[in-house]
Amino acid sequence: MHRVLIVDDESAIRESLQGVLEDEGYKTAAAGSGEACLECLGQQSFDVVLLDIWLPGMDGLNTLERIRALADAPEVIIISGHATIETAVRATKLGAFDFLEKPLSVDRTLTLVSTL
């Protein structure tokens with residue numbers, strides 16, 4: 001079963017996503033910043049990262065660039081409630097698998113994670 005890293009600065013979103021994914025049998029971990037995300041990826045492997053764009057410190061797009069440079073990079077699904085079309089296009093060009101808008105659809109999120 002996939003290992004999923006959830007990266008969002010809002011603890012309620014991290015906890016909600018962890019609950020939903022764990023109920024479906026996924027193993028999860030969570031981080032509240034881009035820096036914490038990269039630290040987690042340095043300590044264990046993940047299949048999928050759900051990555052918010054607006055993060056304290058290093059933003060989601062910079063974090064995405066750093067993730068994609070890793071030798072065994074997981075797939076990244078960008079999540080955001082404030083992004084524009086231009087941001088979604090840039091994220092895709094940087095290597096994001098897909099882009100989800102907040103509020104997240106549980107069904108769409110589960111469908112995407114299950115395809116990876």
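**Exercise 1. The contact of α1 and α5**

Task: In this predicted model, find which residues of α1 meet which residues of α5. Then sort the contact by class.

Solution: 
- Step 1. Start on the α1 side. Leu 17, Val 20 and Leu 21 make the contact there.
- Step 2. Turn to α5. The partners are Val 106, Thr 109, Leu 110 and Val 113.
- Step 3. Sort by class. The contact of α1 with α5 has six nonpolar residues, one polar residue and no charged ones.

**Exercise 2. The geometry of the pair**

Task: Describe how α1 and α5 are placed: at what angle do their axes cross, and how are the helices oriented to each other?

Solution: 
- Step 1. Know what to look for. Two packed helices are described by the angle between their axes and by the distance between those axes.
- Step 2. Locate the helices. α1 covers residues 11-23, and α5 covers residues 106-115.
- Step 3. Take the distance. The two axes come within 11 Å.
- Step 4. Take the angle. The axes cross at roughly 60°.
- Step 5. Classify. Angles of 65 to 115 degrees would count as roughly perpendicular, and those under 35 as roughly parallel. α1 and α5 are therefore oblique to each other.
- Step 6. The crossing of α1 past α5 is right-handed.

**Exercise 3. Thr 87**

Task: Decide whether Thr 87 is buried or exposed. Then name its contacts beyond its sequence neighbours.

Solution: 
- Step 1. Thr 87 belongs to helix α4, residues 85-93.
- Step 2. Apply the cut-off. Buried means under 20% relative accessible area. Thr 87 has 19% relative accessibility, so it counts as buried.
- Step 3. List the contacts. Set aside neighbours within four places in sequence, and Thr 87 touches Ile 53 and Leu 61.

**Exercise 4. The whole chain**

Task: What is the order of the elements, and how compact is the protein for its length?

Solution: 
- Step 1. Count. The protein has five helices and five strands.
- Step 2. Order them. From the N terminus the elements run β-α-β-α-β-α-β-α-β-α.
- Step 3. Compare sizes. The radius of gyration is 13 Å, close to the 13 Å of the globule rule for 116 residues, so the protein is as compact as a globular protein of that length.
- Step 4. Of the 116 residues, 45% count as buried.

How values were computed
Residues are numbered from 1 along each chain as its sequence is written. This is a predicted model: local features need pLDDT of at least 70, side-chain atom pairs count only at pLDDT 80 or more; totals for chains, interfaces and linings use all residues. Side-chain values use heavy atoms; hydrogens and water are left out. Axes are lines fitted to C-alpha atoms, for helices over the stretch in contact, and angles run from 0 to 180 degrees between N-to-C directions. Helices (H or I, at least four residues) and strands (E, at least two) are DSSP runs, numbered from the N terminus. Angles under 35 degrees count as roughly parallel, over 145 as roughly antiparallel, 65 to 115 as roughly perpendicular and the rest as oblique. A crossing is left-handed if the near helix is turned anticlockwise from the far one by less than a right angle, and right-handed if clockwise. Contact means heavy atoms within 4.5 Å. Ala, Val, Leu, Ile, Met, Phe, Trp, Tyr, Cys and Pro count as nonpolar, Asp, Glu, Lys and Arg as charged, and the others, Gly among them, as polar. The radius of gyration is taken over C-alpha atoms; the globule rule is 2.2 Å times the number of residues to the power 0.38. Buried means under 20% relative accessible area, exposed over 50%, partly exposed in between (1.4 Å probe, protein chains only).
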